[in-house]
Amino acid sequence: MSRYWQRCIGWVALVMISLPLYPQSPIVADRHFRQVVLSEQTTLLADTVPVPHSREVIKHPAAFRPQVGPSINPGFTNQFYWVHFRVRNPEPTPKELVLEVENPHINKLQLFTHAQGRLQAGLLTGDHFPFSRRPIRHPHFLFPITIAGNQTIDGYLWVDKHGEQVQIPLRLWAKDYFMANTNKLYLFVGFMFGIGGLYCVLSLLALLFFRLRLMFYYFGYTVSAWLFLAAHTGFGFALLWPQATWWTSAARPTLVLMMYISSVLFVRVFFRLETNFRRLFRYTTILLSVQVALLLMLWLQNPALGLFKNYWYNPVYYSGEWLLRYMIVLHGVAIVSIASVIFVGLRVYWQTRRPEGLWVAIGYLMALLSGSSITLVHVGLLPDNYVTHNLPLVTNALDTIILSVLLANRFKDIHVQNARIAVELALQRQKNAIQLLEGQIIERKRLSQELHDGISLSLANIRMKLSMLADSMNGRQKEAQQLVQALGNVGQDVRQFSHALSPVMLERYGLVDALDELTQQIQDSHPDLLVVFQHEQIVNQAIHPMVSQTMYQISLELLNNVLKHAEAQSVTVQLNQADSALRLLVSDDGRGYDLTEKNWGIGLQNIQARVQLLGGQFVVQRQPQGMVHRIELPAQTKLFS
């Protein structure tokens, strides 16, 4: 082969070796440049050295391989990575850029720039260092880059995430454009955090008000989910725990386990699995045991406990092999846990046909969608982009809203059920009281009958015989006549007492005739008082005997009050029937009395109690002269036996 062809083959080989380093033309950062996603314009180098050795890496450009796919996502790995990119400034003036790493969960990373044979090292930062150790204070990792005029630089980003899942979403910004648009991230995340925080506060208030285990588990779930999203987006490290480096690394796995532990406990109590679904209860017990074991395994690695010399989950030293195994198991348990909660909801719905089971399944399906997207991003099956970044925020808000509405509906049903039970108990108590009153009326009738037919007749017979005996007594007729008169008074009192217990006219002829007789008797016995009785046509058959008896007793009580206390010149009794109600009005022109209930006598209080017992109304009004008493009672009610 001639030297010419050897030289051509050599140049082709050199070009082929160099192609992986520059798969595309350099990024042009001119005056029109705003921002660009770097993923497909980079090359990668998987490294096993746990420290950045940039000078050696630069010397071996053939080791880099082109990035394939829309995002840099090697998935679960135990290696370290170098990411290379090239930027050119065709303008004569310097250009200020910002390299953004949109994954806020990288343990260590450092940017090196190489231009014109000069290598510059940026600040070593990452989650294993306090938040203050960042070139630019931001939830994401930001690195400033300045390119001189008409200059091309090579950037080398060293990433340490070994033992976990690795995503390196890169975006290059013009600095002024980034500063003008970075508020969009804060606005959207702040809005979603506001929704989650609101439901955290509402669940806390519900817990303090109801003090139920169910609300405690729901509160645990909402708070864990909110803190998880704060950690997942990087805002937790930026705003809540900027110095807690170990917690920054442990926050997401800890909060994931807390979310799913509280979720399993929630559905156990919500569906009463222990009593209604024993097999599901035993299965969830096993699942809880695995979750708690993983949580303890993680927290035993806390350096503050001092239990181990070298911690596989320690920012200072961590074993990628153990950590990798733990993360793989954790992701599997997380997916199984949330899928199990959905299965419990569907199983309950299938067996009971209660919509609650279906809504629980739908609510936690949102959580499954969020967890699945995070897991698929971690293993490299989904790109790490804007949609997958924000999908957990949206699904968590939907999940929280669905569960909150579900709980509100559960408590509404409980309230309605308790109200119905309270009404039923009140009706039963009222019915029992009415039955007692009916028994009293029956007993009144029996006593009245005995007094009228027994004692009253006996007294009348004795009076007649005593009168005959008095006629035959010589010289002592006066004393005998006094005894006859006294015995007649006793008989009259017995008849009045019998009549008061159960008026004969009321039982025989109805309420109108009984009240007519009552008012006539009062008029005859008190000629200085004008007693007026007015009534409309009353259908006695439509009125329950207890209502008639109660109306008569109330009329008697009110008329006695007028006679004893009112000093009235006239009194009017009006009785009418409208629809299914019986109305009584008793008014007088006397001196009246104070309307405050504490000044009511025992008689008025008894009237009020009897009217309320029968479901009626008792209204008292004071007139310029005298009082008006209005009573309305239902003629019939289902409470009557």
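**Helix 7 and helix 9**

I looked up the handedness of the crossing of helix 7 and helix 9, and it is left-handed. The model I am reading is a predicted one.

Next I took the geometry. Helix 7 spans residues 245–270 and helix 9 spans residues 278–299; their axes come within 10 Å and cross at roughly 165 degrees. Angles over 145 degrees count as roughly antiparallel, so I noted helix 7 and helix 9 as roughly antiparallel to each other.

I then listed who makes the contact. From helix 7 I noted, among others, W246, W247, P253, Y260 and R268. From helix 9 the residues include F281, T284, Q291, L295 and W299. Sorted by kind, the residues of this contact come to 18 nonpolar, four polar and one charged.

**Aromatic pairs**

I looked up the number of aromatic pairs and found 18. I wrote down two of them in detail.

F80 and W158 are stacked, with 6.2 Å centre to centre and 15 degrees between the planes. This pair links distant parts of the chain: F80 sits in strand 6 (residues 80–89) and W158 in strand 11 (residues 151–160), 78 residues apart. I checked burial as well, and both F80 and W158 are buried.

W173 and F178 are edge-to-face, at 5.3 Å centre to centre and with 70 degrees between the planes. Both W173 and F178 are buried.

Technical notes: Residues are numbered from 1 along each chain as its sequence is written. This is a predicted model: local features need pLDDT of at least 70, side-chain atom pairs count only at pLDDT 80 or more; totals for chains, interfaces and linings use all residues. Side-chain values use heavy atoms; hydrogens and water are left out. Axes are lines fitted to C-alpha atoms, for helices over the stretch in contact, and angles run from 0 to 180 degrees between N-to-C directions. Helices (H or I, at least four residues) and strands (E, at least two) are DSSP runs, numbered from the N terminus. Angles under 35 degrees count as roughly parallel, over 145 as roughly antiparallel, 65 to 115 as roughly perpendicular and the rest as oblique. A crossing is left-handed if the near helix is turned anticlockwise from the far one by less than a right angle, and right-handed if clockwise. Contact means heavy atoms within 4.5 Å. Ala, Val, Leu, Ile, Met, Phe, Trp, Tyr, Cys and Pro count as nonpolar, Asp, Glu, Lys and Arg as charged, and the others, Gly among them, as polar. Rings of Phe, Tyr and Trp (its six-membered ring) pair if their centres lie within 6.5 Å; planes under 30 degrees apart count as stacked, over 60 as edge-to-face and the rest as tilted. Buried means under 20% relative accessible area, exposed over 50%, partly exposed in between (1.4 Å probe, protein chains only).
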